[in-house]
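Try each task yourself before you read its solution.

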Amino acid sequence: QVQLVESGGGLVQAGGSLRLSCAASGRTFSGYTMAWFRQAPGKEREFVASISANSGSTSFEDSVQDRFTISRDNAKNTMNLQMNRLKPEDTAVYFCAGRHLGAGQFAYWGQGTQVTVSS
């Protein structure tokens, strides 16, 4: 099992930047596809970005494609989400998630970190 803990959320003005981190413990981190999801008040949780186990492949939700960057360091068991040019609509609780190679769903989740973007 993998335990995930997010950090780095906070309050930022529109146009600003934040860097979220996800620290993993437990089983071999390098065996997991990792992702960020977010959930805004009154809305369903949505996919933000993902990164393959060896960092060879990344994927982004369309609205963040040109503003967010995802990275990971398997040696340090960490994953990061660099968020630039933030917009008020990016306001949400951001969750780190892990999916073991070959698994169909993200089975491991962090507790979330709040990101608030003021206009």
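This is a predicted model: local features need pLDDT of at least 70, side-chain atom pairs count only at pLDDT 80 or more; totals for chains, interfaces and linings use all residues.

**Exercise 1.** What is the phi of Arg85, and what is the phi of Ser55?

*Solution.* Begin with a general point: most residues other than glycine have a negative phi. Now check Arg85: its phi is positive, about 50 degrees, although Arg85 is not a glycine. Then turn to Ser55, also not a glycine, with a positive phi of about 65 degrees. Ser55 sits in the loop between β5 and β6 (58–60). With a relative accessibility of 34%, Ser55 counts as partly exposed.

**Exercise 2.** Is Asn80 buried or exposed, and which side chain does its own side chain meet in a polar contact?

*Solution.* First find Asn80 in strand β8 (residues 78–83). Its relative accessibility is 12%, so Asn80 counts as buried. Then list its contacts beyond four places in sequence, among them Arg19, Ser21 and Trp36. Finally, pick out the polar contact: the side chain of Asn80 pairs with that of Ser21 at 2.7 Å.

**Exercise 3.** Which element gives the largest share of the largest nonpolar core?

*Solution.* The core has 29 residues, and Met83 is one of those touching the most other members. Several strands give two or more residues, including β3 (18–26) and β8. The largest share, four residues, comes from β3.

Note on methods:
Residues are numbered from 1 along each chain as its sequence is written. Side-chain values use heavy atoms; hydrogens and water are left out. Buried means under 20% relative accessible area, exposed over 50%, partly exposed in between (1.4 Å probe, protein chains only). Contact means heavy atoms within 4.5 Å. A polar contact is a pair of N or O atoms within 3.5 Å; within protein, one must be able to donate a hydrogen and the other to accept it, and residues adjacent in sequence count only if both atoms are side-chain atoms. A nonpolar core is a set of buried Ala, Val, Leu, Ile, Met, Phe, Trp, Tyr and Cys residues joined through side-chain atoms within 4.5 Å.
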